[in-house]
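This report covers salt bridges, domain contacts and the chain interface. Please read it beside the sequence and the structure.

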Amino acid sequence: MKIAVLVAPAVHPVSGRPCAGEADLAALALAQRLSSQVDVWYAGAADDAALADYLARGADNIHSLSLSPGSDVLAALCSVLQGVDMVLCGARAGGGDGSGLLPYQLAEQLGRALLPDVLDLSKSDQQWQALQALPKGVRRTLAAKLPLVASVHARAASAVGWSYARLQQGKIQRKAATGAALPQVVLEPARRARALVAASKVSGHARMQGAIAGGEGKSAGIVVKQGDSVEKAQVVLDYLRQHQLVDF
Amino acid sequence: MSFSLAHALTGLFWLGALLLLGGLARRASLWQQGRSASVSWLGLLAMPKRYFVDIHHVVAREPAVARAHVAAAGGGVAILLLSALNYGLMLYQGWLDVLLVLMAALMLLGARMMQARRLQAPPRLSQGRWQVLPARLRLFALGSLLAAGLLFAGPQLGMAGQLIAVVALLMLALGGAELALGIGLGWPMKHAVAGLLHLAFHPRAERFAAKSSDLKPLNLAAGELGVAKVEDFAWNRLLSFDACVQCGKCEAACPAYAAGQPLNPKKLIQDMVAAQSRGTDPAYAGNPHPGREAAVMVQPGEDIVGSVLAAETLWSCTTCRACVENCPMLIEHVDTVVNLRRHVTLSRGEVPGKGSEALANLRNTDTVGGYPLAVRYHWAIDLDLPLLQPGEQTEWLLLAGEGAFDMRYQRALRALVKVLKAAGVKVAVLGAAERDCGDVARRLGDEAGFQRLAQANIATLAQYRFARIVTPDPHVFHCLANEYPALGGQFEVWHHSKLLEHLLARRAIPLKADATPLPPLTFHDPCYLGRYNDGYHAPRNVLKGIGIKVVEMPRSGRDARCCGWGGGAAFTDIPGQRRIPDMRMDDIRETGTGRVAVACPNCTAMLEGVVGERADVIELAELVAERLA
């Protein structure tokens with residue numbers, strides 16, 4: 001299986017120096033775990049030194065498509081990614097002005113399925129199953145057939161450690177490419193957010209009382225003082241089942 | 001009979017000599033696995049001085065053992081020389097036999113003393129063949145005594161005489177085997193031959209001229225990336241491992257070993273011996289790395305780390321040099337640890353714990369903690385501390401180091417500036433132009449990172465005009481003073497303890513006049529000031545100068561226990577039974593002073609990080625600032 005990994009230099013949040021982006025590193029690590037035929041691509045105007053971190057952290061060879069600053073990388077990347085089974089990239093470039101749109105645009109242009117914010121990929125039957133990271137630690141499984149594009153979440157398992165020897169051995173191959181102009185950015189006035197209105201105006205203490213102290217209110221809870229720990233746990237479990245908060 | 005006994009001795013002598021030479025050739029072929037090294041043959045001439053002076057300095061700290069060794073080794077060498085003359089060269093002189101009897105008696109005494117010590121051997125000593133060595137040496141000495149005695153007594157021997165002669169020959173053969181075969185088979189007496197050659201071709205020969213504790217730079221351009229396999233060691237480094245006598249003084253001094261981390265410096269050296277001899281030497285019979293098996297699997301051609309040596313062992317070292325300081329054979333453990341780390345870091349990129357994060361921070365921000373360079377001197381914002389501009393002149397340049405980002409240590413830095421100002425010292429700082437000195441990078445094996453930082457710092461410092469550098473961080477001090485010269489940076493660097501001592505001696509610091517005696521405290525020696533730079537007196541003189549009595553811990557000065565930070569150990573954080581700073585705090589508690597003076601930002605952080613009730617940790621400069629008038 002041929003995998004292409006797309007990387008781009010990130011901007012270090014403290015020093016502003018170019019370094020490797022966490023999500024791109026995770027994509028590189030995932031690709032190397034899945035296949036031995038991994039090509040690493042970069043498109044843009046960064047110099048070789050800005051890509052050095054990727055060499056030191058596992059990329060043997062980076063194909064760098066040299067574009068003039070400020071040009072759109074989409075067309076240049078699409079032209080080299082046609083024959084690739086799987087395209088992996090970081091969900092968004094680290095720092096800078098990245099919009100995070102590239103994976104979506106790539107999937108659209110290449111006519112492939114996109115698995116966004118992937119933590120891990122595994123093969124089952126003819127499909128590739130992805131563990132997707134959602135906010136607040138929620139996980140979801142997605143599946144798609146090859147060829148596909150997957151954007152890797154920054155929290156996915158990271159690449160190998162930084163090695164000076166790999167930095168010395170790694171190569172960056174520059175290839176000339178033509179980039180299109182970036183589409184015009186349309187700025188809109190910010191929409192005013194609607195102020196949130198509290199559902200009830202009673203105090204927090206009163207609401208807590210309503211929730212736990214019993215009484216007439218519908219939302220009143222139960223205070224269990226009798227019984228042993230198993231019985232008390234049963235009450236909690238019943239409550240959770242009743243409100244479909246657990247499914248066993 | 002005497003004729004035949006003398007000839008038998010001649011035969012035995014030459015047989016032993018041939019076996020010894022054959023064994024030496026075999027061992028030398030093992031050393032030849034290593035890389036070539038530039039050594040001076042003049043080292044052979046310097047050997048006696050190094051033996052009788054440099055080694056003696058270390059051995060004499062244990063006088064009983066030193067005396068036993070003088071008797072056993074002195075007697076043994078004399079026996080061998082006299083035998084070479086009298087029997088090797090077939091002179092067969094009676095008066096030489098008299099000398100021989102005397103020397104044999106001396107050796108017998110020495111071997112007896114060693115045997116007595118072995119009866120209650122401290123746990124640091126190796127057992128196995130080492131345990132029976134004194135008995136073998138006694139056998140040899142007794143054999144020599146009997147043989148020489150018989151020969152001196154005269155040619156006419158009765159039946160009893162002949163029997164004694166046979167017994168003496170047997171004793172000589174049995175005991176002499178230990179001497180003749182030791183070097184070839186890796187038996188204990190290997191240490192005599194390898195040890196002398198090690199003295200002659202020491203990998204750090206400059207240590208015999210003056211203090212030498214700097215790590216040597218790698219030639220990165222030539223592709224040197226540390227030691228992966230036995231073949232990557234210099235040949236004289238392999239030789240140095242064979243000098244080990246397994247006395248375990250390193251083991252007893254090692255803070256990581258005491259903390260139950262998987263490092264025993266003695267075993268580490270023996271692991272290297274096992275790797276170079278491919279396991280053909282007798283099995284190791286000492287304490288293992290804590291929590292590990294003693295036996296090692298040696299596969300020829302494999303990387304050392306991961307086969308002979310676990311990576312955790314390597315990363316447990318705090319580079320405190322307690323082992324080097326205590327080694328009677330002058331083996332340089334820390335060089336080996338760092339050389340092996342360099343391979344793991346530079347080639348494999350496998351730095352455990354927060355070590356890799358620290359190295360990434362150094363690459364990306366030039367600070368260990370990942371701070372912006374511009375905030376390094378924020379603590380001095382109201383102190384009116386001049387920022388040195390290129391081309392401007394100052395007498396003292398203050399390098400605050402990484403401690404400047406630590407809110408606790410900022411108090412100490414403010415105190416230092418206050419004292420220097422009160423003393424009228426013209427001091428300035430670099431501000432955002434100051435980068436990390438590279439100490440952590442280098443000890444964690446990132447030689448490339450160290451050289452980048454060092455060269456950047458040297459280039460930066462070259463733009464400024466200053467007479468001297470002062471820093472409160474012993475790691476910065478050691479790097480700049482001892483390790484930058486190899487990369488072309490020559491600076492006069494003082495640790496702040498030396499400057500404070502100097503100012504107090506000149507009465508330049510206005511001190512309070514009241515004579516209220518200050519409560520005594522104890523002083524914790526930073527490794528990189530003490531063992532690395534012999535800076536034992538300056539901080540004590542400062543404390544004396546402000547009228548504070550120092551209650552010394554049993555382990556202080558040269559024997560001071562590390563705080564556990566050095567060598568990046570605080571970052572790699574290999575688990576053990578205890579934490580090193582907790583043990584040090586126990587030492588401090590034992591003094592009963594309730595206060596400890598420190599002279600290093602890292603010792604400050606480690607000792608203040610001890611949980612539960614602990615002594616107050618006060619920086620040297622803070623104590624002086626308290627006494628300002």
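## Salt bridges overall

Across all chains, the whole structure holds 53 salt bridges. A salt bridge here is a side-chain nitrogen of Lys or Arg within 4 Å of a carboxyl oxygen of Asp or Glu. Side chains of opposite charge can pair when their charged atoms come close.

This is a predicted model, in which local features need pLDDT of at least 70, side-chain atom pairs count only at pLDDT 80 or more, and totals for chains, interfaces and linings use all residues. Residues are numbered from 1 along each chain as its sequence is written, chains are lettered from A and ligands numbered from 1 in the order in which they are written, and side-chain values use heavy atoms, with hydrogens and water left out.

D54(B) pairs with K49(B) in a salt bridge, at 3.1 Å from N to O. D54(B) is buried, at 15% relative accessible area. K49(B) is partly exposed, at 38%. The cut-offs are under 20% relative accessible area for buried, over 50% for exposed, and partly exposed in between (1.4 Å probe, protein chains only).

E206(B) and K216(B) form another salt bridge, at 2.6 Å from N to O. Both residues sit in the loop between α7 (190–200) and α8 (235–242) of chain B, 10 residues apart. Helices (H or I, at least four residues) and strands (E, at least two) are DSSP runs, numbered from the N terminus. E206(B) is partly exposed at 36%, and K216(B) is partly exposed at 34%. D303(B) bridges to K229(B), with the closest N and O atoms 3.0 Å apart. This pair links distant parts of the chain, 74 residues apart: D303(B) lies in the loop between α11 (265–277) and α12 (311–315), K229(B) in the loop between α7 and α8. D303(B) is partly exposed, with 23% relative accessibility. K229(B) is partly exposed too, with 27%.

## A salt-bridge network

Which residues are linked in a network of salt bridges? The members are R204(B), E206(B), R207(B), D214(B), K216(B), R237(B), R321(B), E332(B) and D335(B). The E206(B)–K216(B) pair described above has both its residues in this network.

## Domains 2 and 3 of chain B

Chain B divides into domain 1 (2–189), domain 2 (205–348) and domain 3 (361–626). These bounds come from an automatic or database domain assignment. The C-alpha centres of domain 2 and domain 3 of chain B are 29 Å apart. Their contact (heavy atoms within 4.5 Å) takes 34 residues from domain 2 and 36 residues from domain 3. About 2,700 Å² is buried between the two domains, and carbon and sulfur atoms give 58% of that area. Buried area is the accessible area (1.4 Å probe) that two parts lose on being put together, summed over both. L215(B), W315(B) and T318(B) supply 17% of the area that domain 2 buries against domain 3, more than any other three residues.

Between these domains there are 2 salt bridges. D534(B) forms a salt bridge with K211(B), the closest N and O atoms being 3.3 Å apart.

## The interface with chain A

The contact between the chains takes 17 residues from chain B and 12 residues from chain A. The buried area is about 1,100 Å², with 53% from carbon and sulfur atoms. How many salt bridges cross the interface of chain B and chain A? The rule finds 1. D366(B) and R17(A) meet in a salt bridge, at 2.5 Å from N to O.

On the side of chain B that touches chain A, α14, α15 (355–365) and α18 (447–461) each supply at least two residues. By class, this side has 7 nonpolar, 6 polar and 4 charged residues. Ala, Val, Leu, Ile, Met, Phe, Trp, Tyr, Cys and Pro count as nonpolar, Asp, Glu, Lys and Arg as charged, and the others, Gly among them, as polar.
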